[in-house]
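Student: I've got a new structure to look at. Can you walk me through it?
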Amino acid sequence: MNGDSVFLPAPPEITGNPDYYRIKGEHGTVHKQAVGITLTVKVDNYYVYVYRNRKTGARYHVPFPSNVQLEVNYDESVKAFIFLMKNHLNVSEAKISEFLCEMTGGEIKVSRGMISHMNKEFSQKSEQEQKEIFATLVTSEVMHTDLTTARLNGILKNIVVCTNGTETLYFYRDKKGDAAFKGTPVEFFQNTLIHDHDKTMYHFGS
């Protein structure tokens, strides 16, 4: 933790008064803290020289790193912050973009399209992990499931939740009923299924 240490001296009427003496040891100091948060923007600039072939006119420059392919690139710290706000705190894409812009004095202007794309990118990169969780849920002795509603552009949609208390998967569905559970661990589950007694649930589990 960075910060300043500030000593507040006693006034002369105390330090110069013989009726007062300074207490030594454990109880001789009172300590209090003022805690604040500072959001700083760190920008790394990459430069390369451009070369041209005298005979062919072809241009060449050293390739940029894989994480620096666009004119402006956001590193993992920015992506993690956005992902936390969107998926854990359920903050809207518009509010996330507005918050980052205001807190950084306009330095970070993330489009809603980029924020939306991050979820798709994460889903693609975690496909193998999703398959492993899917298999774990199907073979669990006990699984909990629920069909809850969510709004997409003001229209009610459905989210299937599947969990064994440790691993959890969510599935977006347009409709309810048996079709909502197709392609989820519930469809293949043969053990104890815990649910809210919706009649559809009795078509699954043992």
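Student: What share of the contacts with a separation of 6 or more comes from residues 24 or more positions apart?
Tutor: In this protein, 39% of them. A contact means heavy atoms within 4.5 Å. This is a predicted model, where local features need pLDDT of at least 70, side-chain atom pairs count only at pLDDT 80 or more, and totals for chains, interfaces and linings use all residues. Residues are numbered from 1 along each chain as its sequence is written, and side-chain values use heavy atoms, with hydrogens and water left out.

Student: Ok. How many helices and strands?
Tutor: Six helices and six strands. Both are DSSP runs, numbered from the N terminus: helices are H or I with at least four residues, strands are E with at least two.

Student: In what order do the elements run from the N terminus?
Tutor: α-β-β-α-α-α-α-β-β-β-α-β. The radius of gyration is 29 Å, well over the 17 Å that the globule rule gives for 206 residues, so the protein is more spread out than a compact globule. That radius is taken over C-alpha atoms, and the rule is 2.2 Å times the number of residues to the power 0.38.

Student: How much of the protein is buried?
Tutor: Buried residues make up 20% of the 206. Buried means under 20% relative accessible area, exposed over 50%, partly exposed in between (1.4 Å probe, protein chains only).

Student: Which residues touch the most other members in the largest nonpolar core?
Tutor: Leu 137, Met 143, Val 160, Cys 162, Phe 181, Val 186 and Leu 193, out of 14 residues. Helix H5 (127–138), strand S4 (155–163) and strand S5 (168–173) each supply at least two residues of this core. A nonpolar core is a set of buried Ala, Val, Leu, Ile, Met, Phe, Trp, Tyr and Cys residues joined through side-chain atoms within 4.5 Å.

Student: What else does Met 143 touch?
Tutor: Leaving out residues up to four places away in sequence, its contacts include Thr 163, Pro 185, Phe 189 and Ile 194.

Student: New topic. Where is Ser 140?
Tutor: In the loop between H5 and strand S3 (142–152).

Student: Is Ser 140 buried or exposed?
Tutor: Buried, because its relative accessible area is 10%.

Student: And Asn 153, buried or exposed?
Tutor: Exposed, at 76% relative accessibility. Asn 153 lies in the loop between S3 and S4. Its phi is positive, about 55 degrees, although Asn 153 is not a glycine.
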